[in-house]
Amino acid sequence: MEGDRRRPEGRSDPFWNSVASFGIEEIFALPDWIGEGKTATAPVGRVPSSMDVQTELAALAERVGDCRGCRLCEARNSIVFGGGNPSAGILLIGEGPGASEDERGIPFVGKAGQLLDRILESIGLDRESVYITNIVKCRPPNNRTPSSDEVAACWWILEEQIRIMEPGVIVTLGAPASRTIIGTSDGIGRLRGSVHRFGDIPVLPTYHPAALLRTQALKRPVWEDMKLLRTLLKKLGLPGKGEP
Ligand code: SF4
């Protein structure tokens, strides 16, 4: 429909431009359990700039120290703990650091991270309105998928991060992160497009931006997932623009 192809004036980010023709309408009905007992004026995550969250995370990072809990410690340059705003209420979880992240100690700073920035921007988010981490904090050699024992060894750190940050919503990027958080062996193609849960926290799986760099056809499902995320954020009273 022509109406679905309209583009607000001044909109120039490449990701949005490339997906705008897919439609911007709200098409999702959220499960009833989401936001139970919450109101749109009382975000379910911690309030911005909460010092106790930052203090607790710093204490956790100190406990992690020079962790040698699995073989991934052998070739790493940095433990990539996480980055962004831990009080934002929106937690993004990827698979593991890549070469650029390992070098700089910051998550999602390579090409996939730059694409992730554009994807976030398409629904009015940026690095200060989310917190980003991975299921393993050290780079798997040659960017291989972390093994189940490596994920298990690193799990306590992510579990503590979630406990401290109390996110209102978790977005999992790619199959390994989605399977780990949701507790399933299903593929990402089956998991994405609907809301799952980690305890009481809604979990929204989508493709990893690195997969999007390889396969252009994934742009459309990722955009659909971002529309679903935007609907969730509105329901929970969390940041993000109401309109793309
Ligand atoms: S991946 Fe996690 S458990 Fe393994 S060495 Fe790094 S911080 Fe420790």
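1. Helix 4 gives the most to the lining of the second largest cavity, with three residues. Helices (H or I, at least four residues) and strands (E, at least two) are DSSP runs, numbered from the N terminus. A cavity here is a set of points on a 1 Å grid, over the protein atoms alone, where a 1.4 Å probe fits but cannot get out; a pocket is an open set with protein on both sides within 12 Å along at least five of seven lines; lining residues have an atom within 4 Å of a point.

2. On the source: this is a predicted model, in which local features need pLDDT of at least 70 and side-chain atom pairs count only at pLDDT 80 or more, while totals for chains, interfaces and linings use all residues. Residues are numbered from 1 along each chain as its sequence is written, and side-chain values use heavy atoms, with hydrogens and water left out.

3. The second largest cavity has a volume of about 40 Å³, a volume being the space filled by probe spheres set on the points, with grid points joined across faces, edges and corners. Its lining consists of L92, L116, I119, L120, V171, L173, T206 and M226. Besides helix 4, strand 4 also gives two or more residues to this lining. By class, seven of the lining residues are nonpolar, one is polar and none is charged. For these classes, Ala, Val, Leu, Ile, Met, Phe, Trp, Tyr, Cys and Pro count as nonpolar, Asp, Glu, Lys and Arg as charged, and the others, Gly among them, as polar.

4. The count comes to two cavities of 30 Å³ or more. The largest cavity holds about 120 Å³ of space. Its lining has 16 residues, and C67, G69, C70, C138 and C154 lie nearest the centre. Helix 5 (residues 148–165) gives the most to this lining, with four residues. The lining divides into twelve nonpolar, one polar and three charged residues.

5. The largest pocket contains about 560 Å³ of space. Of the 25 residues that line this pocket, G96, A112, N143, H208 and A210 lie nearest its centre. At least two lining residues come from each of helix 3 (99–104), helix 4 (111–121), helix 6 (175–182) and helix 8 (209–214). Eleven residues of the pocket lining are nonpolar, nine are polar and five are charged.

6. The sheet is open and has six strands in the order 1-3-2-4-6-5, with mixed pairing; two strands pair if DSSP finds at least two bridges between them. Strand 1 (83–84) and strand 5 (196–198) are at the edges with a single partner strand each, so one side of each has no neighbour in the sheet.

7. Which strands does L91 bridge to? In strand 3 its bridge partner is Y131, and in strand 4 the partner of L91 is I170. Strand 2 and strand 3 (residues 131–134) run parallel and are joined by four bridges. Strand 2 also pairs with strand 4 in the parallel sense, over four bridges. Strand 4 in turn pairs with strand 6 (residues 201–206), again parallel and over four bridges, and I170 has V203 as its bridge partner in strand 6.

8. Is strand 4 buried or exposed? Five of its five residues are buried, so strand 4 is largely enclosed by the rest of the structure. Buried means under 20% relative accessible area, exposed over 50%, and partly exposed in between (1.4 Å probe, protein chains only). Both faces of strand 4 are covered, with V169, V171 and L173 buried on one side and I170 and T172 on the other.

9. The largest nonpolar core has 33 residues, and I90, L92, L125, V169 and L229 have the most contacts inside it. Such a core is a set of buried Ala, Val, Leu, Ile, Met, Phe, Trp, Tyr and Cys residues joined through side-chain atoms within 4.5 Å. Strand 2 (90–94), helix 4, strand 4 (169–173), helix 8 and helix 9 (219–236) each give two or more residues to this core. Helix 9 has the largest share, eight residues.

10. Leaving aside neighbours within four places in sequence, V169 is in contact (heavy atoms within 4.5 Å) with residues including I90, I201, L229, L232 and L236. A second, separate core has 26 residues, among them L57, Y131, I157 and I201.

11. A61 lies in helix 2 (residues 51–64) and counts as partly exposed, at 32% relative accessibility. The C-alpha atoms of A61 and F81 are separated by 7.1 Å, with the two residues 20 apart along the chain.
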